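Subject: Structure handover and notes

Dear colleague,

I am passing this structure on to you, together with some notes to read beside it. Please look through the sequence and the model first, and then go on to the text below.

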Amino acid sequence: MRLGKAGVALAALAMPLAGCNAVGESTDLGVYQLVRAKPTSVGDGSLEVTPPRPWNRQRRFLFFFDTIRWVEDWTLNGPYLDGITFVSGMPGGEYIVQQRKSDERQVPKFRANMTAPEITAMLETAYRVRGGAVEFRTLSLQPRQFLGHPGFQFDFEHLDGDELWRKGRAVGAVINGRLYLMMFDATRSHYYANALPDFEVMANNAAIRS
């Protein structure tokens, strides 16, 4: 997720990416690695998506605080501009972001019996506590099929400390007690509309790997 100090550090390292779709022609950007337009497993490997054009996946570095085995981040134009977070079958009792027990403000852990409103409240808390959102607005929450199961679609927007409004969409479902989620987030002007069709293609072709 584009949250927390580690995310900011990664974003700073990846700034040459910003505004340049041509990075898809490269094979190795250090922090980011090319994802070609073909079936690709994400997170812990239990979820597979097929992007309609090249994207860039954040490499996993164990020394970064936000590394979580079920969570993976992609970007098209740079993490300050757009990104997709995949959560691939996270079990109950785990957190969508890592945090210290000593932190004054905590993001709730996922529970296997969570309802859609509870999951979206968890995501909002993550944006406020770890993402630095100074204002967060829910635009809609509605039922939606995801991975062949009853799920939800959550549309939102938020104002961050850099004074930029961003807009997002999360599509998810709890399947056999595990959370499967795709969350798209981008600057509200231009980048959201530019990459939303890619997100929708991947949300519709996503599949659980057997």
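The expected span of a helix is taken here as 1.5 Å times one less than its number of residues, while helices (H or I, at least four residues) and strands (E, at least two) are DSSP runs that are numbered from the N terminus. Please bear in mind that this is a predicted model, in which local features need pLDDT of at least 70 and side-chain atom pairs count only at pLDDT 80 or more, whereas totals for chains, interfaces and linings use all residues. Residues are numbered from 1 along each chain as its sequence is written, and side-chain values use heavy atoms, with hydrogens and water left out.

Helix H3

With 15 residues, H3 reaches 22 Å from its first C-alpha to its last, which is close to the 21 Å expected at 1.5 Å a residue. H3 also bends by about 25° at Pro 197, the bend at a residue being the angle between axes fitted to the seven residues ending there and the seven starting there. The buried residues of H3 include Tyr 191, Tyr 192, Leu 196, Phe 199 and Met 202, where buried means under 20% relative accessible area, exposed over 50%, and partly exposed in between (1.4 Å probe, protein chains only).

Two loop residues

In the loop between strand E10 (178-187) and helix H3 (191-205) lies Ser 189, which counts as exposed at 54% relative accessibility. Although Ser 189 and Leu 81 are 108 residues apart in sequence, their C-alpha atoms are 9.7 Å apart in space. Asn 77, in the loop between E5 and strand E6 (82-91), is by contrast buried, with a relative accessible area of 3%. The side chain of Asn 77 makes a polar contact with the side chain of Asp 82 at 2.7 Å; a polar contact is a pair of N or O atoms within 3.5 Å, and within protein one must be able to donate a hydrogen and the other to accept it, while residues adjacent in sequence count only if both atoms are side-chain atoms.

Salt bridges

A salt bridge is counted when a side-chain nitrogen of Lys or Arg lies within 4 Å of a carboxyl oxygen of Asp or Glu, and by this rule there are 13 salt bridges. In one of them, Arg 57 is joined to Glu 72, with the closest N and O atoms 2.6 Å apart. Arg 57 belongs to strand E4 (residues 55-58) and Glu 72 to strand E5 (residues 71-75), so this pair ties together parts that are 15 residues apart in sequence. Arg 57 is buried at a relative accessible area of 19%, and Glu 72 is buried at 6%.

Another salt bridge brings together the side chains of Arg 137 and Glu 157, at 3.1 Å from N to O. This pair links distant parts of the chain, 20 residues apart, with Arg 137 in strand E7 (residues 135-146) and Glu 157 in strand E8 (residues 149-159). Arg 137 counts as partly exposed at 35% relative accessibility, whereas Glu 157 counts as buried at 9%.

The side chains of Asp 155 and Arg 169 also meet in a salt bridge, at 2.6 Å from N to O. Since Asp 155 lies in strand E8 and Arg 169 in strand E9 (residues 165-175), the pair ties together parts that are 14 residues apart in sequence. Asp 155 is buried, with a relative accessible area of 6%, and Arg 169 is buried as well, at 16%. Salt bridges that share partners also join Glu 135, Arg 137, Glu 157 and Arg 188 into one network.

Aromatic pairs

Rings of Phe, Tyr and Trp (its six-membered ring) pair if their centres lie within 6.5 Å, and planes under 30 degrees apart count as stacked, over 60 as edge-to-face and the rest as tilted. By this rule the structure has eight aromatic pairs. One of them is the tilted pair of Tyr 127 and Phe 156, at 5.4 Å centre to centre and with 55° between the planes. Tyr 127 lies in helix H2 (residues 116-129) and Phe 156 in strand E8, so that the pair links distant parts of the chain, 29 residues apart. Tyr 127 and Phe 156 are both buried, and together with Phe 136 and Phe 154 they form one aromatic cluster.

An open sheet

Three strands form an open sheet in the order E2-E3-E11, with antiparallel pairing, where two strands pair if DSSP finds at least two bridges between them. The edge strands, each of which pairs on one side only, are strand E2 (40-42) and strand E11 (207-208). Three bridges join E2 to strand E3 (residues 47-49), and the bridge partner of Ser 41 in E3 is Glu 48.
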